[in-house]
Structures are given as structure tokens and as C-alpha cells.
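Let's take a walk through this model, starting with a sheet, moving on to a couple of helices and finishing with the aromatic rings. Keep the viewer open as you read.

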Amino acid sequence: MHSEYKIPGGKLVVVDLDVEDGVLRHARVAGDFFLEPDEALDAVNDALEGAPADTDAAGLAARVDAALPAGTVMYGLTSEGIGIAVRRALAHATDWTDYDWQLIHEGPQSPALHMALDEVLTAEVAAGRRPPTLRVWEWGAPSVIIGSFQSLRNEVDAEGAARHGIEVVRRISGGGAMFVEPGNTITYSLSVPEALVQGLSFQDSYAYLDDWVLGALADMGIRAWYQPLNDIATEQGKIAGAAQKRVVGPGGGAGAVLHHVTMSYDIDADKMLEVLRIGREKLSDKGIRSAKKRVDPLRRQTGLAREEVIGRMIDSFRGRYGLTDGGVTPAELARAEELARSKFGSAEWTARVP
């Protein structure tokens with residue numbers, strides 16, 4: 001069994017192993033990490049030898065920690081990362097480069113249609129009718145997008161939203177509310193086979209699927225990191241939030257994961273606080289007077305136009321994993337338009353948690 005796992009913010013860990021009589025055998029760890037002293041690598045391999053094959057990542061990490069020589073120094077490597085790499089090998093997880101990725105980056109669309117496209121495209125990936133897809137959104141109107149389980153009236157000031165002409169929609173993933181305006185927001189979705197995140201915990205899958213964009217930001221001079229559970233942060237403040245939804249495949253088989261991220265390119269903080277109730281509570285609870293202290297937009301940090309930031313993000317993904325330009329098929333669009341009307345544009349869905 002073989003696995004390659006890029007530790008978020010770290011280096012590549014490669015694991016080869018066998019399973020005999022329910023335990024790990026012949027485990028060999030390699031990679032481009034740094035590890036001192038040399039004999040620490042033998043200690044890692046010895047720690048994995050004989051471990052029950054159903055040991056979780058934390059248990060494997062504990063075995064490694066207990067076996068490391070005193071004074072061991074790891075750079076770009078963690079015992080947790082080794083445990084995850086082993087679990088991914090056992091789960092026959094796939095790697096980013098195992099797939100032919102497709103890019104969808106089309107013209108502005110309504111908020112309800114964006115919600116519907118996420119559901120439709122991820123279902124198509126789960127069914128095997130669509131390759132793994134990176135979709136970059138263009139917004140046709142300002143919007144507040146609330147999480148699947150959020151209370152509409154607790155999150156949104158209806159009068160404020162109406163006053164500013166802001167449409168409220170509910171997405172299929174959990175997480176918090178997002179305030180977006182067409183020129184101020186960068187949003188993208190990843191629709192990926194479940195096999196890509198096999199062996200990862202829910203939290204680890206966020207870090208894993210966000211890692212490529214951290215690299216793209218670094219190329220633009222921004223030192224960013226994943227902040228559990230679902231934020232991307234910098235020294236100047238939060239710049240993005242992520243959310244996920246797992247979609248079951250046909251007949252209950254292997255499915256797909258929707259991972260979408262909204263990044264603040266610029267922000268009208270005063271308007272946001274007139275529309276989002278929870279934003280006021282979060283600020284007052286932390287003794288912060290201005291939302292600008294919590295969200296630091298990409299425009300300020302990069303000095304680049306929004307289109308340039310998006311272009312560099314796409315180029316970074318393409319350079320890492322390959323990316324073919326594609327589009328929404330007529331059948332996918334028809335299904336999404338129907339869902340936008342019957343579900344995501346309906347008061348019943350938007351207020352399903354009043």
C-alpha cells in the first residue's frame with residue numbers, strides 16, 4: 001500500500017507498507033522533510049511495525065512520539081502527519097495528481113444559481129459523470145449566504161438587507177454567514193471525489209483542501225495559514241472562510257466532497273454590520289469596535305486587482321495539479337436552474353431554520 005500526503009504548511013510524507021494478519025508490516029516512511037538525527041527515521045519505521053491496522057491517526061502518532069530518540073528535530077514533518085499518511089495508505093486514498101482537473105470560470109450568476117451549481121456539480125462528481133472541478137464564482141448581485149443550520153432571523157437583519165438590496169440565500173453546507181458584493185469577493189468551490197480525502201478527519205480535510213491556496217497566497221507575498229476549523233488567516237487578520245458538504249454517491253456508494261471558500265478582496269464593513277446581526281455580536285463579545293480589525297481584505301495586502309489575484313490563484317493550481325478549461329454542461333445548467341427556482345430561491349428553503 002502506498003500513500004503520499006503533503007502536510008499542510010509542511011513537506012511531503014510518503015508511506016509504503018503491507019498489512020499481514022491485521023497488523024502493519026514493512027512500513028517505510030520517506031519524503032522531502034528534514035529530520036535529525038538520522039536514526040530517528042528508523043525509529044519511526046520501527047514504531048509503525050506491528051501496529052494494529054485499525055489504529056487511528058492519533059494512535060499512530062503516539063507510537064511514533066514514544067519511539068523518537070531524545071532531542072529529535074522535525075522540520076516540515078509531524079508525527080500526526082505520519083499517522084495521517086499511514087491511514088490514507090490503508091484507505092487507498094488518491095492524490096491530487098491522480099485526476100484530470102477541470103476549471104469552470106464563467107460570467108456573473110445569481111446567488112441562488114451559485115448555490116444550485118454547487119449541489120449539481122458535486123453530485124455529478126459523485127456519480128462519476130464529471131471530473132474533479134475547481135469552479136471560480138462571479139457574482140451577479142450582492143448577497144448574504146447563510147449556513148445550512150443557521151437561524152435566518154438570528155443571522156440577518158431583514159430591514160438592513162432590504163435597504164441595501166441584498167439577497168439572502170441558504171447553502172447546503174454548514175458554517176457561518178458570508179457577506180458578499182460582486183467586486184469585493186473571491187469565491188471558489190472544489191468538487192472532489194471522496195477518495196481524495198480518505199483517511200483524513202473532517203478537520204484535517206479542511207487543511208488539506210485549503211493547502212494549495214495558501215501556496216498561491218504565498219506567491220503573492222501573503223503569509224497565510226489554516227486556522228481550525230474553517231478559516232484562512234494572516235498576521236493582519238482573517239481573509240477567508242471555508243465550508244464543506246459530503247454528498248453520497250449513487251446507491252449509497254463512494255461520493256464526493258464540496259469544499260467552498262469565500263475570500264475578502266475588499267469589504268464595506270459598515271454595510272456588513274447593518275446586514276449581519278451575528279457580526280455585531282462577535283465584535284462586541286471580543287471587545288472589537290471595527291470589523292476591519294477582524295477581516296483584512298486581499299486588496300490591501302496584495303495591491304493587485306481582483307482579476308489578477310484570481311488569475312494567479314488559477315495559475316498556481318494549474319502549476320501544481322494540472323487544470324483544463326471547461327464549463328457547465330447544458331444538462332447541468334438546466335438542473336441547476338430548476339433547483340435555483342424550486343429550492344434555493346424559495347422562501348421555504350431560505351427560512352427552513354427561521
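Begin with the open sheet, where three strands line up in the order 1-2-3 with antiparallel pairing. Strand 1 (2-6) and strand 3 (23-31) are at the edges with a single partner strand each, so one side of each has no neighbour in the sheet. From one strand to the next, the twist averages 20 degrees, as an angle from 0 to 180 degrees between the N-to-C directions of axes, which are lines fitted to C-alpha atoms. Strands here are DSSP runs of E with at least two residues, helices are runs of H or I with at least four, and both are numbered from the N terminus. Two strands count as paired if DSSP finds at least two bridges between them.

A word on the ground rules: this is a predicted model, with local features needing pLDDT of at least 70 and side-chain atom pairs counting only at pLDDT 80 or more, while totals for chains, interfaces and linings use all residues. Residues are numbered from 1 along each chain as its sequence is written, and side-chain values use heavy atoms, leaving out hydrogens and water.

Now zoom in on strand 1, which pairs with strand 2 (residues 12-20) in the antiparallel sense over five bridges. Glu4 stands opposite Val14, and His2 has Asp16 as its bridge partner. The two strands make a hairpin with five residues between them, and Gly9 in the turn has a positive phi of about 80 degrees. Buried means under 20% relative accessible area, exposed means over 50%, and partly exposed is in between (1.4 Å probe, protein chains only).

Next, the helices. In helix 2 (residues 57-67), the buried residues are Ala57, Leu60, Ala61 and Val64. They cover an arc of only 100 degrees around the axis, which puts them on the same side of helix 2; the arc is taken from the directions from the helix axis to the C-beta atoms. Ala58 and Ala66 are exposed on the face turned away from that buried side. The spacing follows from a general point: an α-helix has 3.6 residues a turn, so residues three or four places apart point the same way.

Helix 4 (residues 111-126) is another story: 14 of its 16 residues are buried, so the rest of the structure largely encloses it. Just after helix 4, Gly128 takes a positive phi of about 80 degrees.

Finally, the rings. Phe, Tyr and Trp rings (the six-membered one for Trp) pair if their centres lie within 6.5 Å, with planes under 30 degrees apart called stacked, over 60 edge-to-face and the rest tilted. That rule gives 14 aromatic pairs. In one of them, Trp96 and Phe317 have ring centres 6.0 Å apart and planes at 75 degrees, so the pair is edge-to-face. This pair links distant parts of the chain, 221 residues apart: Trp96 is in the loop between helix 3 (79-90) and strand 6 (102-105), and Phe317 is in helix 11 (residues 306-321). Trp96 is buried at 4% relative accessible area, and Phe317 is buried at 0%. Both belong to one aromatic cluster, whose members include Tyr5 and Tyr208.
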